[in-house]
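Visitor: Could you walk me through this one while I have it open? I'd like to jump between a few spots.

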Amino acid sequence: MNAPGPLSIHEATPSQPSLPAPDAPFHAGELAVQTLAGSREAMAEIGARVIRTAMPEQHRLFFPQLPFIVTGGLDVHDQPWATLLSGTPGFVSSPDPTLLRVDALPPPTDPLHGALASGASLGLLGIEPSTRRRNRVNGRVVALDEHGFTMRVAQSFGNCPQYIRKREVTPEGHDAPPQAESPQASLDDDAQWQIASADTFFIATHYVGDGATERSAGTDVSHRGGKPGFVCVDDATTLTWPDFRGNAYYNTLGNLHANPRAGLVFVDFASGDFLHVAGNAEILWQNEAESGFDGAQRLVRLHVREVRRVRGALPAAWREGEASPSVERTGAWATV
């Protein structure tokens, strides 16, 4: 399967936006992408209302229901990685609206093992596959012990259920401890097959720059979904995926506009295997007719630098449910 051949990249470079106000929820990279995408004016009106510095009560009640939480963080080389932390529902809690407690830590097999020091920037995504609900919390670690960490909330906001496939947890599980394979510089055949058949991945990105504050910058982790095969494996070191219509905040693309480093994780929800992929991403500014993919407002291409596979990293086994209705409005890559 191949993406279309060389694509005309509309790298429109607008004049650099003025730096955001100290209390603004969007940083310069997000403002630049919002300008290119035509949503900046609308986001200026609603951004501060929907991206809060404290969690609303419904979010505080939501997180303790979850058996896993998606986590984005930086390693010692400032490389973002995405991963999942698991536990018995209740392992995530909110002592007050400004704090989130997670009673879990990345194990030694995880690329974020040892990275959750006090002051570390984290992005957390709570996602409930059975209902397609999801909420985001970004902030910094303010307390750390042998059982987990507490994060102070800098950004709290909800996300719509678009593009999320329903999944139900099964009674089966993976009792053996996770096993990490040796890191690779490219995608082997198994990795390419897993990505080419995936309907879901999670992406971690990071921004720090001029005018950055905890209100607007830091680490973020987000969900991406589509029909199986929506991520195109161009070759062993290149991936391309469509960027569909979303909330128009452009948190992920805004981070990538300023800092191309990204970390992806593909989860095999049946086997529990994680496939972590790190690389540099570029945004291909095209309209839907040029993108080669129905429903894509633009494309993102990742140049792979490192691949890590962890077998049996997710304790629970999940079975697939119905696809999101939003996915049915999207297309597929042309085959050659």
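Visitor: What does Leu302 touch, leaving out residues up to four places away in sequence?
Guide: Leu302 touches Thr237, Thr238, Leu239, Trp241, Ala262, Leu264, Val277, Gly279, Asn280 and Ala281, where contact means heavy atoms within 4.5 Å. Please bear in mind that this is a predicted model, in which local features need pLDDT of at least 70 and side-chain atom pairs count only at pLDDT 80 or more, while totals for chains, interfaces and linings use all residues. Residues are numbered from 1 along each chain as its sequence is written, and side-chain values use heavy atoms, with hydrogens and water left out.

Visitor: And how many residues has the largest nonpolar core?
Guide: The largest nonpolar core has 43 residues, and those with the most contacts inside it are Ile195, Leu239, Leu264, Phe266, Val277 and Leu302. Such a core is a set of buried Ala, Val, Leu, Ile, Met, Phe, Trp, Tyr and Cys residues joined through side-chain atoms within 4.5 Å, with buried meaning under 20% relative accessible area, exposed over 50% and partly exposed in between (1.4 Å probe, protein chains only). Apart from it lies another core, of 24 residues, among them Met55, Leu112, Leu124 and Val153.

Visitor: Switching to the sheet, what's the strand order?
Guide: Seven strands form an open sheet in the order β2-β1-β5-β6-β7-β4-β3, with antiparallel pairing; strands (E, at least two residues) and helices (H or I, at least four) are DSSP runs numbered from the N terminus, and two strands pair if DSSP finds at least two bridges between them. Because β2 (80-86) and β3 (92-93) stand at the edges with a single partner strand each, one side of each is left without a neighbour in the sheet.

Visitor: How many bridges join β4 to β7?
Guide: Four bridges join β4 (residues 99-102) to β7 (residues 149-159), and these strands run antiparallel; Val102 stands opposite Phe149 in β7.

Visitor: Is Ile127 buried or exposed?
Guide: Ile127, which lies in strand β5 (residues 121-128), has 3% relative accessibility and therefore counts as buried. Leaving out residues up to four places away in sequence, Ile127 has contacts that include Phe62, Leu66, Arg133, Phe202 and His223.

Visitor: Last one, why is α5 described as largely enclosed?
Guide: Six of the eight residues of α5 are buried, so α5 is largely enclosed by the rest of the structure; the buried ones are Asn251, Thr252, Leu253, Gly254, Asn255 and Leu256.
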